[in-house]
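Here is a brief report on the overall build of a protein model and on its aromatic ring pairs. Please keep the structure in view while reading.

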Number of protein chains: 2
Amino acid sequence: MAKVAVLGYGTVGSGVVEVLDTNAAEVAKSAGEAVEVKYILDLRDFPGDKHENQVVHDFDIILNDPEVDVICETMGGLEPAFTFEKKALESGKSVCTSNKELVAAHGPELVEIAKKNGVSYLFEASVGGGIPVLRSINDSLKHEKIDAITGILNGTTNYILTKMDKEGIGFATVLKQAQDKGYAERNPEADIEGYDACRKIAILSSLMSGEHVNYEDIYTEGITKISIEDFAYAKSLNVAIKLLGMCKKNESGFFTIVAPFMIPMENPLANVNGVFNAIDVHGNMLGDVMFYGKGAGKSATASAVVADVVDILKHKGKHIEVNMNSKKAVLTSKDNAVRKFFVRVTENLEDQAKELFGNKIEIIKSEEVKGEFAFVTDLISEKDFEEKLWKLDSVKGYIRLY
Amino acid sequence: MAKVAVLGYGTVGSGVVEVLDTNAAEVAKSAGEAVEVKYILDLRDFPGDKHENQVVHDFDIILNDPEVDVICETMGGLEPAFTFEKKALESGKSVCTSNKELVAAHGPELVEIAKKNGVSYLFEASVGGGIPVLRSINDSLKHEKIDAITGILNGTTNYILTKMDKEGIGFATVLKQAQDKGYAERNPEADIEGYDACRKIAILSSLMSGEHVNYEDIYTEGITKISIEDFAYAKSLNVAIKLLGMCKKNESGFFTIVAPFMIPMENPLANVNGVFNAIDVHGNMLGDVMFYGKGAGKSATASAVVADVVDILKHKGKHIEVNMNSKKAVLTSKDNAVRKFFVRVTENLEDQAKELFGNKIEIIKSEEVKGEFAFVTDLISEKDFEEKLWKLDSVKGYIRLY
């Protein structure tokens with residue numbers, strides 16, 4: 001009988017306890033032993049809850065109990081989660097977590113501490129909710145040279161963009177509807193400014209590179225500037241508009257970016273709608289493999305935490321290798337990345353656009369959008385694009401092409 | 001240094017050798033030791049090939065070499081592959097294979113032999129090419145109660161259906177084009193009659209149930225009866241037509257089927273086009289997770305075989321649990337499965353259709369199809385449907401709804 005402690009009895013934490021209860025037989029079978037929740041750490045009490053007697057308020061009780069094998073940290077935030085996780089690993093307990101903020105900030109360091117102490121640090125639930133993408137990268141695909149990971153990593157923004165697209169409603173209205181339905185937070189900044197997606201691509205690109213990609217180094221653009229006019233053009237271009245987190249390794253360097261992209265409809269990422277997430281992993285021999293599912297939600301996220309618990313128990317007494325160390329990864333400047341751009345400008349600027357971006361630009365007009373036109377540039381570096389864009393008299397918006 | 005032998009130096013076998021060569025460093029890192037191809041078994045010689053000196057013609061050389069840890073069987077077919085695999089496992093060598101025919105027919109038995117001998121039997125490459133779906137089911141999702149698996153499991157038929165849909169070309173013509181391009185075999189029966197998909201869903205449903213689902217017990221319908229008229233109706237119904245392999249467990253039983261289905265466009269499976277495969281796995285806590293990628297191709301399939309080699313070497317001296325045993329699974333008769341059906345009939349039969357299937361049927365007419373109409377039934381059991389269908393005077397075709 002293995003004993004686990006759950007830190008934080010909120011949405012994910014209570015989900016973890018629920019999965020362990022509901023699927024007790026399956027968990028025992030896959031872990032090789034039954035799993036019991038011995039402690040739940042929370043500031044609150046939960047009178048009447050099935051597990052009220054497991055609730056404690058002092059982390060040291062958990063830390064000092066030699067019976068506890070695995071700690072599930074589902075509190076979120078940097079502190080005290082970081083201190084708790086570090087202490088747990090140092091005292092020889094394995095840790096698994098859904099805390100993407102902490103993993104993005106200190107994951108590689110925590111992996112090293114785990115390794116030094118012969119225990120494991122896993123964080124499947126920090127990216128893509130229940131989608132088993134981190135374990136696949138770290139396990140089934142580890143013999144591949146992974147050269148690109150591209151993901152729709154935030155369900156809230158994907159829900160908003162899908163609504164804008166399908167129903168032709170503007171950003172602010174959709175955001176308000178999403179907030180009313182509980183799909184978006186009252187303070188939606190982390191989602192709509194791309195910060196949440198940024199942390200997730202930081203974790204994925206750290207795993208890809210084996211080093212620490214600092215999320216603060218990743219160029220991040222949110223979806224607040226996307227308008228229904230953009231979707232009108234998208235229709236005539238036969239593309240979807242999605243907020244992507246990308247990392248890519250090629251001769252020119254190691255790039256990461258979070259930004260809205262126009263994606264051709266043939267690409268499966270273009271058809272990922274609503275609150276769903278999808279992550280495409282490209283390996284040198286394998287080609288593309290895409291993982292798709294609900295990127296959030298209590299049960300799905302909790303299920304991923306429990307997958308880590310099982311993995312840890314299956315490898316008891318062993319450190320599970322995670323391809324990350326705390327060496328700072330060197331990212332190539334976004335300036336050098338080369339791609340096409342979609343640009344919207346006022347209608348009298350066609351000549352200026354051609355003068356700046358060359359005659360090869362593709363002009364796009366939409367029946368639905370008056371008083372302006374759009375064009376798609378030829379391949380151009382981010383730096384050149386930015387310099388030229390500044391010289392255009394009136395820019396209404398731009399979106400990168402995938 | 002681990003030594004492996006590859007049985008069969010055809011497309012997949014030579015791919016395995018290529019992956020081991022090209023990604024030698026990554027393979028060594030993930031397996032914990034370097035991996036060398038010591039033998040390649042083939043009837044032919046390969047003069048001039050980089051690995052010509054590894055080629056042998058006698059399986060016993062491999063079997064009797066205690067240095068060989070892992071055997072990759074990439075010959076295909078039932079015999080002599082079955083005899084070779086069995087002998088290998090019995091002599092304490094682990095086996096991995098891409099041979100779906102053999103795994104569907106004898107996988108559970110081979111898993112048991114592996115277990116008895118303390119070695120492993122893995123077959124990731126037998127379903128979905130390079131997509132790491134079997135390992136995910138057997139590993140990351142093992143603590144879930146998996147109650148449904150639905151997949152587009154055959155790239156050739158999906159290519160044909162996609163072409164028919166997008167280009168409005170009839171089945172026979174598209175098949176011929178696919179044969180010319182090498183996407184379909186000269187003898188296409190195994191693909192177009194659904195036999196290949198049937199073997200793959202047999203493997204998936206064995207993994208889901210933990211028993212042996214015999215592929216011969218699975219009701220299987222191919223795509224030869226799908227016409228361009230069906231796609232015309234599909235457009236007005238806003239559905240895609242895909243060949244699905246499905247298994248489902250619910251209060252009424254354990255169902256498996258291979259047949260063309262109409263799938264609502266919102267479902268991500270509807271957007272899986274061309275030679276791609278996708279497998280949706282539904283767990284009780286997790287909800288849906290979909291895995292997507294190329295279901296065939298030399299490098300992708302070989303990469304999955306190498307993933308098994310790595311997994312085996314990481315767990316040297318240990319049997320890797322696979323949720324399968326040779327107890328025969330009991331499938332519920334297809335007759336009891338309840339769903340909606342799309343039916344095409346000649347245009348004077350509207351009253352008869354309503355008389356048989358009730359007034360709740362949805363009549364569909366298509367501008368593009370003359371002299372007939374179609375309707376969608378209410379929910380009805382397969383058995384009832386079949387009985388009523390026989391009473392309709394002139395049926396032009398029917399397709400199940402997903």
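The report takes chain A as a whole, then turns to the ring pairs.

**Chain A overall**

The model is predicted. Chain A holds 14 helices and 18 strands. Its radius of gyration is 23 Å, close to the 21 Å that the globule rule gives for 402 residues, so chain A is as compact as a globular protein of that length. The C-alpha trace of chain A spans about 75 × 45 × 30 Å along its principal axes.

Of the 402 residues in chain A, 61% count as buried. Among contacts in chain A with a separation of 6 or more, 73% join residues 24 or more positions apart. The accessible surface of chain A is about 15,700 Å², and carbon and sulfur atoms supply 48% of that surface. Chain A carries 46 positive and 61 negative side chains. The centres of these two sets lie 2 Å apart.

**Aromatic pairs**

Over all chains, the count is 27 aromatic pairs. Two of them are set out here.

| Pair | Class | Centre to centre | Angle between planes |
|---|---|---|---|
| A:Phe341 and A:Phe385 | stacked | 3.7 Å | 5 degrees |
| B:Tyr121 and B:Phe123 | tilted | 5.6 Å | 50 degrees |

A:Phe341 sits in strand 14 (residues 341-346) of chain A and A:Phe385 in helix 14 (residues 382-391) of chain A, so the pair ties together parts that are 44 residues apart in sequence. Both A:Phe341 and A:Phe385 are buried. B:Tyr121 and B:Phe123 are both buried as well.

Notes:
Residues numbered from 1 in each chain as written. Chains lettered and ligands numbered in written order. Predicted model: local features only at pLDDT ≥ 70, side-chain atom pairs only at ≥ 80, totals over all residues. Heavy atoms only, no water. Helix = DSSP H or I, 4+ residues; strand = E, 2+ residues; numbered from the N terminus. Rg over C-alpha atoms; globule rule 2.2 N^0.38 Å. Buried < 20%, exposed > 50% of the residue type's maximum accessible area, 1.4 Å probe, protein only. Contact = heavy atoms within 4.5 Å. Areas by Shrake-Rupley, 256 points an atom, 1.4 Å probe, with all protein chains shown as cover. Lys, Arg positive; Asp, Glu negative; His and termini not counted. Charge placed at Lys NZ, Arg CZ, Asp CG, Glu CD. Phe/Tyr/Trp six-rings, centres within 6.5 Å; stacked < 30°, edge-to-face > 60°.
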